[in-house]
Amino acid sequence: MTEATITPAMLSTAEVARAYREAKAKRAKKAALLKHVFLIITSLIMIYPLLWMLASSLKPDNQIFGDLGLWPREFQWQNYWAGWNALPVSFTTFFWNSTVVTVLSVIGNVISCSFAAYAFARLEFSGKTIWFALMMMTLMIPYHVVLIPQYLLFLNLGWVDTYLPLIVPRFLAGDAFFIFLMIQFFRQLPRELDEAAMIDGCSPFKIYWAIIMPLSLPAMATAAIFSFIWTWEDFLGPLVYLNDMEDYTVPLALRSFISSDGVSQYGPMFAMSILSILPIILFFVIFQRLIIRGIAMSGLK
Amino acid sequence: MHKFLRRNFAGYAFLSPWLIGFFLLAIGPILASLYLSFTKYNVVRPPQWIGLDNYFYMFQMDQRFWKALQVTFQFVVISVPLKLMFALGVAMALDKGIRAIGWYRALFYLPSILGGSIAVAILWRQLFNYDGVINSILRLFGGDGPYWLSDPKYSLWTLIVLAIWQFGSPMLIFLAGLRAIPQELYEAAEIDAAGPVRKFFAITVPLLAPVIFFNLVLQMIEAFKSFSGAFIISGGTGAPLDSLLFFTVYLYNEAFAFLRMGYASALAWVLLLIIALFTAIAFWTSKYWVHYENERG
């Protein structure tokens, strides 16, 4: 009722501001809706191949190709059983092998990289800046460049066809990415903690073990998770060092599916593919926050 | 001397695993492969010094070397910018407290984590099969898809799409970068009636430049190094007609299929130099378009 009596000249600045805000909110709402439509479509496209693989792992072979549907007409659960035993060696062996290599690699990585990171972030010693620069340089070196001499070294040690070439380098802090990640984290911890402990007569090892380690569990966990995922998926290392099918890790075994010509076992092959990425997806779902923070932290700060 | 030892002991003790690894598994092998690159070596007989012959052969006679370079460069030049554009686009849509951001972020990041796995490479081979999913979708729209895997004109696109699909990790880094841009700048621009395009080029791009640059370098190195996708999709050889002969695939085959370790070491050194060169170019050009905030004024 007041509106009728108001002339433009009577509009207070407060009302102009309110009208502006309302118009802006309305626009923002519309923009948000458009964004959601865009994001939902994009994420469906992104996730579709994975869902298609899951569906195909449950379809009979003649219904896989060209079938875009994500719901099998009949559930062929025996694909999983058939796939598990499709190769001369059962997948029980491959999963066990992958687990052994991965668990030992993760342990090695976390211990050796946190040692190095502790030295770089908290201890003083001569030559530190040079070593640090060299460490950062190794981040850039492609694995392919060191592969041949490493192979020759392990060949001479008689380590080919064992897991040692895959595990021992992990105990020697081979992955500078993790060192860098932990240094970033250690640097955020207050220095006073170390100093107080030092005054109380703690040795550097005691400080590492009783102060730095317990306070850095998120960083350790992040490194462990990434190290798990990368080792579990690693293909080139096992491809070079393991020749006996008994020793194969899961990715190598999967590759045998496509190189055994003539055998069309697409359902079982997809079934094993799904099982091979299942541990990674589980880890991702459980530790999503740590993983995403880890990327942002190592990438930016 | 005693004091010197005591001051440095703890540091070097903690550093020792890394130091051993650095000498035995990083710098040692790099120098060893430099030496091997001047030899002919098939593992069975001891290395035989042949000077620069490997390099002469590589640059003057070896057509597969040039082919591998061309394929790899093509892959890097096409896939990296597309991937970064995608990553930035999605990151901008996700920015500014949109609802359910956690879900989107997780869904978009998942392919990055699975992308290197053999399972996904196998999946990709089937998706791009002539009777596969991609062509079925094209047929829905009345198109007729090519033989993606066996036609050398199209085969590289399967790997480019695979690379773009993994835009998640540059997206996360962009997202963190976008958060650091002060909102007031956008508000000020709005008051001056700047449109979204203007805001993007006048505020987002310059302020995000260091992050774009970081992602560019990182993704380029990753693209040069990529191996398993090309290896699996090409059946280990770079087929069809060497159109998927990534540099890494060629190197692997020379070393471990043909046991030409000397020549493969020369290839490895060329790869190292290419990556170093590209990184240097990225750093060098960055001063023209990257402005770090604390440098100004």
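Me: Where does H291(B) lie relative to α13 of chain B?

Reply: A helix is a DSSP run of H or I with at least four residues, a strand is a run of E with at least two, and both are numbered from the N terminus. In this case H291(B) lies in the segment after α13 (261–289) of chain B. The model is predicted, so local features need pLDDT of at least 70 and side-chain atom pairs count only at pLDDT 80 or more, whereas totals for chains, interfaces and linings use all residues. Residues are numbered from 1 along each chain as its sequence is written, and chains are lettered from A and ligands numbered from 1 in the order in which they are written.

Me: How many residues of chain B are in contact with chain A, and which helix gives the largest share?

Reply: The size of an interface is often given as the accessible area lost when the parts come together. Here residues are counted instead, two being in contact if their C-beta atoms, placed from the backbone, lie within 7 Å. By that count 68 residues of chain B are in contact with 64 residues of chain A. Helix α1 (residues 2–36) of chain B supplies the largest share of the chain B side, 18 residues. That side divides into 50 nonpolar, 15 polar and three charged residues, where Ala, Val, Leu, Ile, Met, Phe, Trp, Tyr, Cys and Pro count as nonpolar, Asp, Glu, Lys and Arg as charged, and the others, Gly among them, as polar.

Me: How many helices and strands has chain A, and how spread out is it?

Reply: Chain A has 13 helices and zero strands. For chain A the radius is 28 Å, well over the 19 Å that the rule gives for 301 residues, so the chain is more spread out than a compact globule.

Me: Which domains is chain A divided into, and how far apart are their centres?

Reply: Domain bounds come from an automatic or database domain assignment. Chain A is divided into domain 1 (3–56) and domain 2 (80–300), with C-alpha centres 43 Å apart.

Technical notes:
Rg over C-alpha atoms; globule rule 2.2 N^0.38 Å.
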